[in-house]
Amino acid sequence: MIWVDVVTLLALLEYFFFIFQVSRARTRYGIRAPATTGNEVFERYFRVQQNTVESLIMFLPSMWLAVRYWYPTYVAAIGAVFVIGRLIYSFTYVSDPKKRTLGMMLSTLPIVVFWIIAGFGIVRALMAG
């Protein structure tokens, strides 16, 4: 279970890094809060951060559900794919949003896999009584 905790912490630290990137971009491009528009590159950093928080809302509970019904090491490995996918997404989205597909796929697929694992686990537990 410790590896799932490690992946959880890495995902949260990664998100904090994205927040920091938005803050740096605000300064670099002169976008004063609360504005969220005004420079295309800033807007890309901002979208990465926003998209990540939207993904985390699905990723973390899904991973925690999956680990109740499957091997923690495997769940952590799948979760690591999400973290790597978000990094790839960040770099590609900021450089050219049209190239974000790989990162998006790598961060969406683990969530779907976790739903499948949790779904099977829940059905099995219900049938076992």
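Glu-40 and Arg-44 join their side chains in a salt bridge, at 2.5 Å from N to O; the term covers a side-chain nitrogen of Lys or Arg within 4 Å of a carboxyl oxygen of Asp or Glu. This is a predicted model, where local features need pLDDT of at least 70, side-chain atom pairs count only at pLDDT 80 or more, and totals for chains, interfaces and linings use all residues. Residues are numbered from 1 along each chain as its sequence is written, and side-chain values use heavy atoms, leaving out hydrogens and water.

**Salt bridges**

- The whole structure holds two salt bridges.
- Glu-40 and Arg-44 lie about one helical turn apart, because they are four residues apart in helix 2.
- Glu-40 is exposed at 52% relative accessibility, while Arg-44 is buried at 14% (buried is under 20% relative accessible area, exposed over 50%, partly exposed in between, with a 1.4 Å probe and protein chains only).
- Glu-54 and Arg-47 form a salt bridge too, at 3.9 Å from N to O.
- Glu-54 is partly exposed at 43%, and Arg-47 is partly exposed at 30%.

**Helix packing**

- Helix 1 (residues 2-29) packs with helix 2 (residues 40-69) at about 165°, and their axes are 9 Å apart; helices here are DSSP runs of H or I with at least four residues, numbered from the N terminus.
- Helix 1 is therefore roughly antiparallel to helix 2 (the label for angles over 145 degrees, on a scale from 0 to 180 degrees between N-to-C directions).
- The contact of helix 1 with helix 2 involves 22 nonpolar, four polar and two charged residues.

Conventions: Helix = DSSP H or I, 4+ residues; strand = E, 2+ residues; numbered from the N terminus. Parallel < 35°, antiparallel > 145°, perpendicular 65-115°, else oblique. Nonpolar A, V, L, I, M, F, W, Y, C, P; charged D, E, K, R; others polar.
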